[in-house]
Amino acid sequence: MDLRIFTEPQQGASYQTLLTVAKATEDLGFDAFFRSDHYLSMGSSDGLPGPTDAWITLAGLARETQRIRLGTLMTAGTFRLPGILAIQVAQVDQMSGGRVELGLGAGWFEEEHTAYGIPFPKEKFGRLEEQLAIVTGLWDTEIGKTFDYDGTYYQLAGSPALPKPAQRKVPVLVGGHGATRTPRLAARYADEFNIPFASVEDTRRQFGRVRDAAEQAGRKGDDLVYSNALVACVGADDAEVARRAAAIGRDVEELKANGLAGSPAEVVDRIGQFTEAGAQRIYLQILDLDDLDHLELISSKVQSQLAG
């Protein structure tokens with residue numbers, strides 16, 4: 001089981017805070033550092049000191065880390081034109097020496113679009129499908145040849161399809177809860193399928209849908225990596241769990257029901273349930289980015305047991 005650290009910087013985090021967490025992620029032996037792609041805080045958070053851009057952040061981290069994978073859950077398709085996104089991701093992949101992964105979603109949070117003057121189109125899923133086709137098509141085009149695309153929402157003509165990523169293939173993540181279109185899209189374009197904040201039963205059901213869609217698309221179900229994103233709140237004892245839950249404004253029992261919360265032993269057991277449902281990788285949503293002791297505890301008492 002791979003454990004990855006997943007952050008929500010729109011809730012309030014500077015680049016320096018994210019760098020500190022990314023370096024701890026690397027030092028403590030986690031597989032990757034991922035972040036959300038949002039420009040507006042949610043809930044009661046004031047969001048101070050303000051939003052950071054996902055791909056500018058990852059570009060900086062690419063130069064200041066050596067081992068961990070870097071990526072997004074999920075880059076919002078409404079924020080970037082697909083040709084520009086392909087350039088951005090390829091460049092950050094080069095800057096990292098080939099450690100980047102692209103999670104790409106349709107975008108959903110209308111308020112942040114309104115707040116920053118970003119168009120919020122009605123038809124987002126069709127745009128996402130074209131974006132995936134364009135980004136992967138640009139990367140796959142042989143050097144010296146050009147790429148053309150004539151879609152409903154995007155048209156490219158005579159693109160040199162440059163630059164290329166450092167990796168032969170940047171892993172692409174598609175995710176969500178949709179029963180039909182999402183599995184089909186993952187089967188066509190994804191290297192990894194991620195389901196965020198889902199129960200064990202919903203996880204099992206959705207992974208099955210994606211496997212079926214992959215088979216129907218002529219792929220093997222095992223061609224994809226299957227992952228969950230779950231909030232983490234781990235403590236050495238009940239008091240520490242309660243303190244960490246309070247720090248993020250959540251109830252302990254709710255966290256145990258819907259995430260990975262409790263003692264290290266409880267969390268290891270809970271991860272085992274998701275493993276049985278087909279999960280191969282878990283993104284640990286860390287909401288208190290100043291609590292590095294939390295990461296150390298997960299590394300030493302949870303990750304170590306999974307590795308064993």
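At what angle do helix 5 and helix 6 pack?

**Entry 1: ground rules.** I am working with a predicted model, where local features need pLDDT of at least 70, side-chain atom pairs count only at pLDDT 80 or more, and totals for chains, interfaces and linings use all residues. Residues are numbered from 1 along each chain as its sequence is written, and side-chain values use heavy atoms, with hydrogens and water left out.

**Entry 2: two helices.** I looked up helix 5 (residues 125–140) and helix 6 (residues 181–189), and they pack at about 5° with their axes 11 Å apart. Axes are lines fitted to C-alpha atoms, for helices over the stretch in contact, and angles run from 0 to 180 degrees between N-to-C directions. Helices (H or I, at least four residues) and strands (E, at least two) are DSSP runs, numbered from the N terminus.

I then listed the contact, meaning heavy atoms within 4.5 Å. Helix 5 brings residues including Phe 125, Leu 128 and Leu 132. Helix 6 brings residues including Arg 181, Leu 185 and Tyr 189. By class, I find six nonpolar, three polar and four charged residues in this contact. Ala, Val, Leu, Ile, Met, Phe, Trp, Tyr, Cys and Pro count as nonpolar, Asp, Glu, Lys and Arg as charged, and the others, Gly among them, as polar.

**Entry 3: pockets.** A pocket is an open set of points on a 1 Å grid over the protein atoms alone, where a 1.4 Å probe fits, with protein on both sides within 12 Å along at least five of seven lines; lining residues have an atom within 4 Å of a point. Volume is the space filled by probe spheres set on the points, which are joined across faces, edges and corners.

The largest pocket has about 1100 Å³. I find 46 residues lining the largest pocket, with Glu 8, His 38, Trp 108, Phe 197 and Gln 285 nearest its centre. That lining divides into 20 nonpolar, 19 polar and seven charged residues.

The second largest pocket holds about 250 Å³. Its lining has 15 residues, and among those closest to the centre are Thr 136, Lys 169 and Asp 191. Helix 5 gives the most to this lining, with three residues.

**Entry 4: a salt bridge.** My search of the whole structure gives 22 salt bridges (a side-chain nitrogen of Lys or Arg within 4 Å of a carboxyl oxygen of Asp or Glu). In one of them, Asp 2 pairs with Arg 281, their closest N and O atoms 3.2 Å apart. Asp 2 is in strand 1 and Arg 281 in strand 12, 279 residues apart.

Entry 5: Most residues other than glycine have a negative phi, and most peptide bonds are trans. The bond from Leu 48 to Pro 49 is cis, with omega near 10°. The bond from Leu 162 to Pro 163 is cis too, with omega near 0°. Pro 163 sits in the loop between strand 7 and strand 8. Ala 161 lies in the loop between strand 7 and strand 8, and its phi is positive, near 55°.
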